[in-house]
Structures are given as C-alpha cells and as structure tokens.
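Subject: A structure for you to look at

Hi,

Here is the structure I promised to pass on. Have it open while you read, and I'll walk you through what turned up.

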Amino acid sequence: MAKVTSSKLNIAIIHPDLGIGGAERLIVDAAVELASQGHKVHVFTAHHDKNRCFEETVAGTFPVTVYGSFLPRHIFYHLHALCAYLRCLFVAFCVLFMWHSFDVILADQVSVVIPILKIKRSTKVVFYCHFPDLLLAQHSTFIRRMYRKPIDYAEEITTGIADLILVNSKFTASTFANTFKYLDAKGIRPAVLYPAVNVDQFNEPSSFKLNFLSINRFERKKNIQLAISAFAMLNSPEGVLKHKDITNASLTIVGEHVLFMPVFPMIDIMVMLCAY
C-alpha cells in the first residue's frame, strides 16, 4: 500500500450493523484509537440503535452516520446475506456520492462494497476479514447452494480488490488461503492484525485464579460446545495439563441470545454442561 504523505488521515469506516458484538467491538476500538492519534474518523453504517450499542459510538469521539436503515435486514427471516449486501451497497453509494474523498476507507465484514469505494482512485481501501462468510453459511440443500453460489463468488472476487486485507489471527489467515484458493494462487496474502485489548481496564487481582472466558452470541455457528468439551478435557484425570492452576480453573461463558434466533443453541449448551 502506497505511503500517504499527510501524517493525519481522513478515514471512513463502513460497517453493516453497529450493534453489540465482537466485530463491532473491534471497529469501535479502532475508531477510538485512530481518533486519539489525531486522525479524522467517520463511521458509516446501515443500522445504529443508540439504545443498544457500545457507549463510544454515542460519546461524540467520532461521528456515526446511518444510511439505509429503511432497507430490510431479512425477508421473512430468510435472505440475510442478500439483504446485508444490499444495505452495505446503499451505504457505499451514499459515501461515494455524498462525501468528499477519504484517504483511507476501512470496509468491515462485507467485501462487496470494495469495487464501489475504489471508483475514487485516490482512496485506499482496507478490508478486515473476521472469517470467510461462505464457511459460516449453510450449503445443505440445492436451493441454498444455488442461493449462495453468486454470493460466495462475489465475496472472493471483491475481497481481492482491496489495497490491503487484514485478518484477526494466523488461524484465519490460513483459513483465508485454504478457502479463497483463487486469491491465494494470485499471491494475495492477508496481514494479521489482532483485535486490541485495553489492558488498563484490569486491576491487579489480590489472589490469582485461572479463568477461561468465552464471549459469544449464543448461536450454533459460534461452536461454544468446543470450549466446554476442551475445558472438560483439561480437568479430566487423563488431561494433558496437570498444573494446579489448570485443575483449579473455571470456565465462564458470556453472551447474548439473538432475538428471533432458535433456542436450540441454549439447549445444546445445557446438555453439554450436564454431560460434564
């Protein structure tokens, strides 16, 4: 990515839904840190509920502009991906035609906006890939496979158009290479940028006890069962780790149940806990 001569940048961030979640936490932390360094940061999104969001998004540290909130998030609880694409495309077109050029635009989660943002050649586009969406979607039936085929294709092709691709771990980088084989064959490699943690918020504990913390939405695709079964293996008599801090450790699972989502993930988790 070409070096920008100005030390202070005009940065836009495009995120599909500025609610409460891991991806949203990362975007908010990035925006706060960039603003603290003197950069001008503006966040654009298709949805921002001020009663259900991270407090930094309403604190005035950076502006948040909403476009396309009238567009549906689903159609009778189906076609979520298609609706997300349409909403983000609407946001991208609004940014393109209603705002002056930005030095850098960070596109998060939805890559289909990248070709639109690249129309202004002076703007550099960074795409943050938390995980390939095609691996999170179901392809179990013929209709689902036909529905996902153009979406999955668009995800790979548009991702490769970004000036810089970021992922959240080396694991995701390897998954990226194994999933987007066309991009990997072209030599397109993502860089790893780990999500930030504000360590200043933690006070030094008076007594140490090892605790494994899992923070997720209670959805099956988050695979919370893996944390439970792995923790059970650590504490089992045949566990590979015998250190007293491990044997006295605890597991805390924190999350929220998404509105209109089935209750099956919660039942799965309770069954797993009872089994151990």
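A salt bridge here is a side-chain nitrogen of Lys or Arg within 4 Å of a carboxyl oxygen of Asp or Glu. Counted that way, there are 7 salt bridges. Bear in mind that this is a predicted model.

**Salt bridges**

Start with Glu56 and Arg25, whose side chains meet in a salt bridge at 2.8 Å, N to O. Glu56 is in the loop between strand 2 and strand 3 (64–66), while Arg25 belongs to helix 1, so this pair ties together parts that are 31 residues apart in sequence. Glu56 is partly exposed at 22% relative accessible area, and Arg25 is partly exposed too, at 25%. Arg25 and Glu56 also join Asp29 in a network of salt bridges.

Next, look at Asp133 and Arg148, where the closest N and O atoms of the salt bridge are 2.9 Å apart. Asp133 sits in helix 4 (residues 133–136) and Arg148 in helix 5 (residues 142–159), so the bridge ties together parts 15 residues apart in sequence. Is Arg148 buried or exposed? With a relative accessibility of 4%, Arg148 counts as buried, whereas Asp133, at 27%, counts as partly exposed.

One more to find is Arg189 with Asp184, with 3.2 Å between the closest N and O atoms. Arg189 counts as exposed at 53% relative accessibility, and Asp184 as partly exposed at 27%.

**Helix 1**

Helix 1 (residues 22–36) has 15 residues and reaches 21 Å from its first C-alpha to its last, close to the 21 Å expected at 1.5 Å a residue. Its buried residues are Ala23, Glu24, Leu26, Ile27, Val28 and Ala31. What do the buried residues of helix 1 pack against? They pack against strand 1 (10–15), strand 2 (40–45), strand 4 (104–108) and strand 5. Just after the helix, Gly38 takes a positive phi of about 95°.

**Strands**

Strand 5 (residues 124–129) pairs with strand 6 (residues 164–167) in the parallel sense, over 4 bridges. Within that pairing, Phe127 stands opposite Ile165. Strand 6 also pairs in the parallel sense with strand 7 (residues 191–192), over 2 bridges, and there Leu166 stands opposite Ala191.

**Aromatic rings**

How many aromatic pairs are there? The count comes to 9. The rings of Phe93 and Phe97 have centres 6.2 Å apart and planes at 5°; that is under 30 degrees, so the pair is stacked. Both lie in helix 2 (residues 80–98), 4 residues apart, about one turn of the helix. Phe93 is partly exposed, at 36% relative accessible area, and Phe97 counts as exposed, at 65%.

Now compare Phe212 and Phe231: their ring centres are 6.0 Å apart with planes at 65°, which is over 60 degrees, so this pair is edge-to-face. Phe212 is in strand 8 (residues 211–215) and Phe231 in helix 8 (residues 224–235), so the pair ties together parts 19 residues apart in sequence. Phe231 counts as buried at 16% relative accessibility, while Phe212 is partly exposed at 32%.

Last one: ring pairs link Phe44, Tyr67, Trp99 and Phe102 into a cluster.

Cheers

Notes: Residues are numbered from 1 along each chain as its sequence is written. This is a predicted model: local features need pLDDT of at least 70, side-chain atom pairs count only at pLDDT 80 or more; totals for chains, interfaces and linings use all residues. Side-chain values use heavy atoms; hydrogens and water are left out. Two strands pair if DSSP finds at least two bridges between them. Rings of Phe, Tyr and Trp (its six-membered ring) pair if their centres lie within 6.5 Å; planes under 30 degrees apart count as stacked, over 60 as edge-to-face and the rest as tilted. Buried means under 20% relative accessible area, exposed over 50%, partly exposed in between (1.4 Å probe, protein chains only). The expected span of a helix is 1.5 Å times one less than its number of residues. Contact means heavy atoms within 4.5 Å.
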